[in-house]
Amino acid sequence: MDFAMTEEQTAIFDMAYGFGQEQIAPFARQWEAEGTIPKDLWPKVGELGFGSLYVSEESGGSGLSRLDATLVFEALSMACPSVAAFLSIHNMCAKMLDMFASDELKARVMPDVMSLNTVLSYCLTEPGSGSDAASLKTRATRDDEGYVLNGTKAFISGGGYSDAYVCMVRTGEDGPKGISTVYVEDGTPGLSFGGLEDKMGWKSQPTAQVQFDDCRVPAGNLVGEEGHGFKYAMKGLDGGRLNIAACSLGAAQTGLTNTLKYMAERKAFGTSIDQFQGLQFRLADMEIELQAARTFLRQAAWKLDQGEPDASKFCAMAKKFVTETGSNVVDQCLQLHGGYGYLADYGIEKLVRDLRVHQILEGTNEIMRVIVARHMLAENH
């Protein structure tokens, strides 16, 4: 077992970290206040190859492994988990298109997707279907010219902001086998958006409902085959779970690093507070938890890369463990900052707010337990 990062992996991490500290971290609070990420950031991210992290090299992508990708998201989330997580969503969509879209559709859209001149959103969740995603109601009716979409998607990161939407829609019977995937470009007649959601965290990511009212999409915008859309949507989630865990990990690491600096400077009872043994124990516990989380995450990513049969189980376990660890650590960091931790100036309260949603999206942590238990029971029979 070799736990060391290769030279290439270290270079990937350092490149992402350097970009994040220079181009994202100084502006994260401003973007949060404005409720949006400047569109001109994305082509700069694309120049690093981060718009096509695991699009195959044959297709012009970066062709990174899932483990490599977690390093990118860990490093970028050290600057801002909200921005990093939004990039994860784009990459999940890009991978779906690379794997399943027709050659014609790929030739038309992928160059701009990979350069991040086209930013993508992933549209699965609906107002009435969250964890039970296969019960989605948005319908795509086939006619001579293509598909006519009617329905609503909820909690869509990039709703009204992105350039195109990878949408799971119902073309057939109830249940997962009646679901297909279509590519809907911004500006398509019948495509509209709800008002921006006012959220606890991830405030720089514009989030809104995506609405289809007789929204007409050409037949060539079908991704892959009819009836396979749910399978495509689920295929991206293992990697998405690793990425969101990596975003928790990087942000929590920043919280801990900043807390150590703060405690070395903050004096109480005539000494810096990092000299109190009770507080040192809390620092030690956070370090242990973060190191355990990092090792677990990388093991799960390695299993996904190797195509191990228990990869999905490990992705679910890592997502649950790492996102909860990240939230616990930043909460402790806020406590160790005392009243200052509650102030926006110190950056800790933003991490607490941003990380909380990681236990909900990409499959709630309750659903992660369901997945793990199912695997355990199957292995036992």
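1. Helices (H or I, at least four residues) and strands (E, at least two) are DSSP runs, numbered from the N terminus. The model is predicted, so local features need pLDDT of at least 70 and side-chain atom pairs count only at pLDDT 80 or more, while totals for chains, interfaces and linings use all residues. Residue numbers start from 1 along each chain as its sequence is written, and side-chain values use heavy atoms, with hydrogens and water left out.

2. Glu 349 is in helix H11 (residues 348-356). Its relative accessible area is 16%, so Glu 349 is buried (under 20%; exposed is over 50%, partly exposed in between; 1.4 Å probe, protein chains only). The side chains of Glu 349 and Arg 353 form a polar contact of 2.8 Å (a pair of N or O atoms within 3.5 Å; within protein, one must be able to donate a hydrogen and the other to accept it, and residues adjacent in sequence count only if both atoms are side-chain atoms).

3. Glu 126 sits in the loop between strand S1 (120-123) and strand S2 (139-142). With a relative accessible area of 6%, Glu 126 is also buried. Its side chain makes a polar contact of 2.7 Å with the side chain of Thr 138.

4. The largest nonpolar core has 67 residues, of which Ile 24, Leu 41, Trp 42 and Leu 76 touch the most other members (a core is a set of buried Ala, Val, Leu, Ile, Met, Phe, Trp, Tyr and Cys residues joined through side-chain atoms within 4.5 Å). Helix H8 (residues 237-265) supplies the largest share of this core, 11 residues. A second, separate core of 30 residues includes Ala 101, Leu 120, Val 166 and Ile 179.
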